[in-house]
Amino acid sequence: MLLLFGTPEFQGMPVPLEKATVLIAILAVSDDWLSREQVMALLWSEADLETTQRRLRQLLHRTRRFDCFAGLEVERSRLRFTADSDVALFKRFYQQQFWIEAAQVYQGEFLKGLVIDDPELETWLLTERETLRQMFVQAVQMAVPLLEQHEAVALLRSAVKLEPLESDLVRLGLEHAQGHPSAAKQMFELHSTTLAQIAEQPEPELQQLLNSILEQSFAPPRLVPSSPDVLIGRHAELEQIEQWLVCGQRLITLLGIGGIGKTRLALEVAGRSQLPDGVIFVSLVAISNADEVVPEILKTLSIRVGEEPLLQLQQILKAKEMLLVLDNLEHVISANVQVVALLEACPKLQVLGTSREALNVMYEHLLEVKGLPEPDDLFPLEHQEASALFEREAKRNAVQFTWQEADLIAMQRIHRAVGGSPLGLRLAAGLRRVLPLEQIAVELEQNLAVLSTNPAADLPARHQSLEAAFRTSWGLLPATEQQVVARLALLKGHFSSDLAKHLTQTSHAVLLRLINKSLISKHDERLFIHEVIREYASAYLETAEKNLVLERLLEWAQGIALQTEEQINTPNELETMKSTQLEFDHLQVALNWSVETKPLMAASVVKRLMPFFMQRGYFDLASGWVTTILSSPELQNHSLFGWCLYVKAHFARVQSQFGQTQSLAEQLLQLKTISPELRIRGLQLLALCASERLAYPQAIEYSKAALEIAQQHQFHKLEASLHTEIGQDQTWSNLLEQAKISFDKAFSMYQTMGSRRGMAIVMMHQSIVFGRQNDLTTEQQWLLDALVHLEALEDVLNAGLILSFSATNATKRGDFAEARRFVDRGVELCQKHGLRFQLIYKLADYAYIEFAQQQFEQAALLLFCCQSLLKQSQADYDWVLSQEMLEIHLEPSRLATLERKAAFYSLEQALQMVHQPMSPALVQSQ
């Protein structure tokens, strides 16, 4: 669902605050068709009709590129947005008088953070915000009488938090907060603080209401250990626990592995509790039997334990409205029966427990305590939870340092190594006395045992190291469950329950028990193992058993590969590719192990997954696997040997190593026994190499020979591909009419197959025909249409190619800003997917733009950088712009100077130069 209340979001990701978002917001608020004239009048009130029509067409084209706006429907004279949005849902609930539901949907100011410079549009936005706000106030007012008191208080607290300036909400909240002094005080203080920001004060009536509530409360007894330090982060967890407690939930269990911060979080909740009869914090770490739990609570209350401790405690707490915190329940989990008996006898009692295992009783609300969030580049490191905790603990060890921008990557690696565990971060910070951040990251990635060399003396034995915390959990597991966890520790990342069952030969019941014990976690219907558990548990797996599990993983990988191969160039391709991507971490584990131990099976998997590797840009990984497989004697006389040659040749071709590509293709075609399909693919490779040498007639000849075989054997997918390749070479040979015929045949075949990707690739290459005919506008439109499809299909390689073509087109049209934007998008795509080799080519794209703007020195320097980096990558590549074109504008001696200078640039420095070009004087001096 698209969220427009508060800062716009879609599926947990922020939505850019731009004109496209405003358009969708206008349509979402109306929840019906709007005429183009209505939309244009709002968006561009002062422009003429022709200008607004052009702007609307451009805006609609841009809006369709965003996945979050997929519900946009456009007809000739009208528009609407059909996908779910919180604003449309809120208005429907309001109109149907579903007051509670409407109040729950509203999440704050409509389009928060949006800045508008158009007076007409700004008036519309302010009006909509105020209308929605008043609707929300009325919905809350109508909902409160329908709720129990604790539910009403919870709703009103949330409402005041969203709209703290609305005095009507604050008054209603205070009127219903009798017996809830903490809630009343929080609502009033939030209202008062917000008013102070605009130099105003609360109404006297509200202050009087608050005073009357506070006078009826009294200071409760508190038996809570003092916290050693201020809690860092955990805002979402605290808010959830507080909401549950306010709503009257009786039993809350904080669930998580050792060292994840459950006890510290429970202490914070206990310290904040304002229940009238107080709070009791009981540590159970020193007891070993469930029968000792109730006596331990009585001892904490300084009460002598009688003959029937449970009955004694029930009588003491029967009328008390208080919070009981039970810390470390996992080793006395059978005490759950006593906890339930206590809750049933004491109707106002609330219990907060911490455990590595769920209690599994009727009242229980589980909150999984996870690692602190990984630091990112959105905020300074000192303001983020994990790095702030690391900094505090490092300074405790007399380490003085300030965060540098380069420290982000090292902190991310440290965070991943310890899984965000506060204990792990604290222990790692102790190493800062002797090691720099980068070296700490390296040490932790190699072996977490390095943390054992820096024990924390102020922590209990079970928290002296991550390994000690793990051993405590491990020792509570029966042998069968230990075996399951050890086997699953071979997997990295998230995995399905079906894969877990296949590898461990266990049942869903066992997996569920391990989830309840925090040894396995669950997220979005997939499972994963905390990094600390994964590292330590894998050490308990014998070599023979490890190989058995890896064989099962390889069998599973074969099934995934077969399914992926079957769905290429079908309507199900995108869904299949996404599914395969989900499993890629596990495919890597299987292939890393099997390329040497089971080369034939590995070869089969790599062959079937080649289209996936191509689309997702995993060239280096796949090429490495194939190289290892080809060296195996077991493969030499097998039919898969030819396929591996082809795969290696194809990846060499993608990396512009055309000499190696041709050599491997010729070796493939000289095999004694070769299938028709492989012969076709060998000829395709020779055609591609010929095309790169500009020998287009020879390339067409190779492709037509391959096409004849494909038609003879009815290989329709290959036939469509060959028509496309012939069309490309005909285009570059200026045989444009023949090229159109070839492209039409390819497009028709892909359309019959339902291959959206195939059709998009044909469109991409057919666009060049229009470019050769100087119809640059049509060329660009075809490129953009193809790009939409390929981005949706997540075809990284071809999407990057289109962005380069589009940049060239924009340069020819003289729109250099747009050309640069296309190349910038291509750079971002390559960086996101780790396509370093393709990233080098982007320097040539930038060089072409600079050359067109007559920035000849900058163009030459970028081009030489590109050439130098490609040589380092062993690519058979020379110039994008011919040297003769540069020599027209620059002296040979100057070109030689720039070429020498370029040899010292890294790829990152060259890309930085694009956006911060050196002055001619500085370039000359260097």
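Author: Let's start with a sheet: E4, E6 and E5 make up an open sheet of three strands, in the order E4-E6-E5, with antiparallel pairing. Strand E4 (34-35) and strand E5 (72-74) are at the edges with a single partner strand each, so one side of each has no neighbour in the sheet. One thing to keep in mind: this is a predicted model, where local features need pLDDT of at least 70 and side-chain atom pairs count only at pLDDT 80 or more, while totals for chains, interfaces and linings use all residues. Residues are numbered from 1 along each chain as its sequence is written, and side-chain values use heavy atoms, with hydrogens and water left out.

Reader: What do strands of a sheet pair through?

Author: Backbone hydrogen bonds, in either a parallel or an antiparallel way. Here, strands (E, at least two residues) and helices (H or I, at least four) are DSSP runs numbered from the N terminus, and two strands pair if DSSP finds at least two bridges between them. E4 and strand E6 (residues 78-81) run antiparallel and are joined by two bridges, with serine 35 opposite arginine 78 in E6. Helix H1 (residues 19-30) packs on this sheet and touches E4, E5 and E6, its direction making about 80 degrees with that of E6. Contact means heavy atoms within 4.5 Å; for the angle, axes are lines fitted to C-alpha atoms, for helices over the stretch in contact, and values run from 0 to 180 degrees between N-to-C directions.

Reader: How many bridges does the pairing of E5 and E6 have?

Author: Three, again in the antiparallel sense. Valine 74 has leucine 79 in E6 as its bridge partner, and the two strands form a hairpin with three residues between them.

Reader: In what order do the strands of the E1, E2 and E3 sheet come?

Author: E1-E2-E3, in an open sheet with antiparallel pairing. Two bridges hold strand E2 (residues 9-10) and E3 in an antiparallel pair, and phenylalanine 10 has methionine 13 of E3 as its bridge partner.

Reader: Now empty space. What shows where it is left?

Author: You roll a probe the size of a water molecule over the atoms. On a 1 Å grid over the protein atoms alone, a cavity is a set of points where a 1.4 Å probe fits but cannot get out; a pocket is an open set with protein on both sides within 12 Å along at least five of seven lines; lining residues have an atom within 4 Å of a point. Points are joined across faces, edges and corners, and a volume is the space filled by probe spheres set on them. The second largest pocket holds about 2,400 Å³. Its lining has 48 residues, with Arg62, Arg65, Phe66, Glu791 and Arg825 nearest the centre.

Reader: Which helix gives the most to the lining of that second largest pocket?

Author: H37, with nine residues. Other elements supplying at least two residues include helix H3 (49-63) and helix H39 (816-833). By class, this pocket's lining has 22 nonpolar, eight polar and 18 charged residues. Ala, Val, Leu, Ile, Met, Phe, Trp, Tyr, Cys and Pro count as nonpolar, Asp, Glu, Lys and Arg as charged, and the others, Gly among them, as polar.

Reader: How many cavities of 30 Å³ or more are there?

Author: Three. The largest cavity has a volume of about 60 Å³, and Arg356 and Phe470 are among the residues lining it. Helix H20 (466-475) and helix H24 (531-538) each give two or more residues to that lining, with the largest share, four residues, coming from H20.

Reader: Last one: is arginine 234 buried or exposed?

Author: Buried, because its relative accessibility is 4%. Arginine 234 has phi near 65 degrees, a positive value in a residue other than glycine. Leucine 694 also has a positive phi, near 70 degrees, but leucine 694 is exposed, with a relative accessible area of 57%.

Methods
Buried < 20%, exposed > 50% of the residue type's maximum accessible area, 1.4 Å probe, protein only.
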